[in-house]
Amino acid sequence: MTIETVSSARAFGGTQGVYRHESAATGTPMTFSVYVPPHDEGARLPVVWYLSGLTCTHANFTDKGEYRRACAELGLIFVAPDTSPRGEGVADDPAYDFGQGAGFYVDATEAPWAPHFRMWSYVTEELPALIGANFPADTRRQSIMGHSMGGHGALTIGLTLAERFKAVSAFAPIVAPAQVPWGEKALGGYLGQDRAAWRRHDAVALIEDGARVPALLVDQGDADQFLSEQLKPQLLADACAAAGIDLTLRMQPGYDHSYYFIATFMADHLAWHAARLG
């Protein structure tokens, strides 16, 4: 469980760090960032997990997300992992929506992806244990959010592990990957062509199959270039209505898929999480 500090900087009275370790889940080095807000000695703080989207690393959101002031005020640890394994010997694809940078938060079962693309196990098992052992984290109080592909990951992980994550939210998530091109390519490539195996990695399918959380918060820009073909938030709205899940879906006029959109509404999401984390 040894971690290497790549960088560390003071921010809003807390510490923004970037760290690297050798992952048993992926069989590769993995890099992640953690913001620890100012706190009293001996305090254990709630943890918010943030999962990034296609092509991103931990650094995109760490640099552009504008979350540290709110986390400092609310007393939240904020963790941003990478989106896939990387490095020499790790399978890749020339397209931006598959391979390195596009792990889709699943444990791959198909060659050549299966040896390293185990992002579900990494995000839900290995990295939480690492955070609990090395940071002042109260692992009884965790929540999860994400953007686009990471919104898909946050929804599916939050729905599957509802007893662990006290709040779940997303920015422009891929809500039904089995019904859109990005998801069909990724789930088929990583998990094979048996669509029944895809359902545990599809938020709408999980809800249809009985997964429940008390509430969800989703922000979606109505000027998002991926809205109609890849994101389809109405599918999530319909599934939540049928299941009795309290979904707050906010269509934000004029906003696109960018980090400007995420940064605009990040403080809202963090306050929503903090209220549920205690």
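User: Which strands does helix 4 lie across, and at what angle does it run to strand 6?

Analyst: Helix 4 (residues 149-160) lies across strand 4, strand 6, strand 7 (165-171) and strand 8 (215-221). It runs at about 140 degrees to strand 6. Helices (H or I, at least four residues) and strands (E, at least two) are DSSP runs, numbered from the N terminus. Contact means heavy atoms within 4.5 Å. Axes are lines fitted to C-alpha atoms, for helices over the stretch in contact, and angles run from 0 to 180 degrees between N-to-C directions. Helix 8 (residues 233-243) lies across strand 8 and strand 9, at about 155 degrees to strand 9.

User: What are the ground rules?

Analyst: This is a predicted model: local features need pLDDT of at least 70, side-chain atom pairs count only at pLDDT 80 or more, and totals for chains, interfaces and linings use all residues. Residues are numbered from 1 along each chain as its sequence is written, and side-chain values use heavy atoms, with hydrogens and water left out.

User: In what order do the strands of the sheet run?

Analyst: Two strands pair if DSSP finds at least two bridges between them. Here nine strands form an open sheet in the order 1-2-3-5-4-6-7-8-9, with mixed pairing. Strand 1 (4-11) and strand 9 (246-252) are at the edges; each has a single partner strand, so one side of each lacks a neighbour in the sheet. From one strand to the next, the twist averages 20 degrees.

User: In which sense do strand 4 and strand 6 pair?

Analyst: Parallel, over six bridges between residues 45-51 and residues 137-147. In strand 6, V48 has S143 as its bridge partner.

User: How is a pair of aromatic rings described?

Analyst: By the distance of the centres and the angle of the planes. Rings of Phe, Tyr and Trp (its six-membered ring) pair if their centres lie within 6.5 Å; planes under 30 degrees apart count as stacked, over 60 as edge-to-face and the rest as tilted. The structure holds 19 aromatic pairs. One of them, Y50 with F78, is stacked: 6.0 Å centre to centre, 25 degrees between the planes. Y50 lies in strand 4 and F78 in strand 5 (residues 77-81), so the pair ties together parts 28 residues apart in sequence.

User: Are Y50 and F78 buried or exposed?

Analyst: Both are buried. Buried means under 20% relative accessible area, exposed over 50%, partly exposed in between (1.4 Å probe, protein chains only).

User: Where does the charged end of R68 sit?

Analyst: Over the ring of Y67, 4.7 Å from its centre. The test: NZ of Lys or CZ of Arg within 6 Å of the ring centre and within 35 degrees of the ring normal. The charged end of R200 sits over the ring of W120, at 5.1 Å from its centre.
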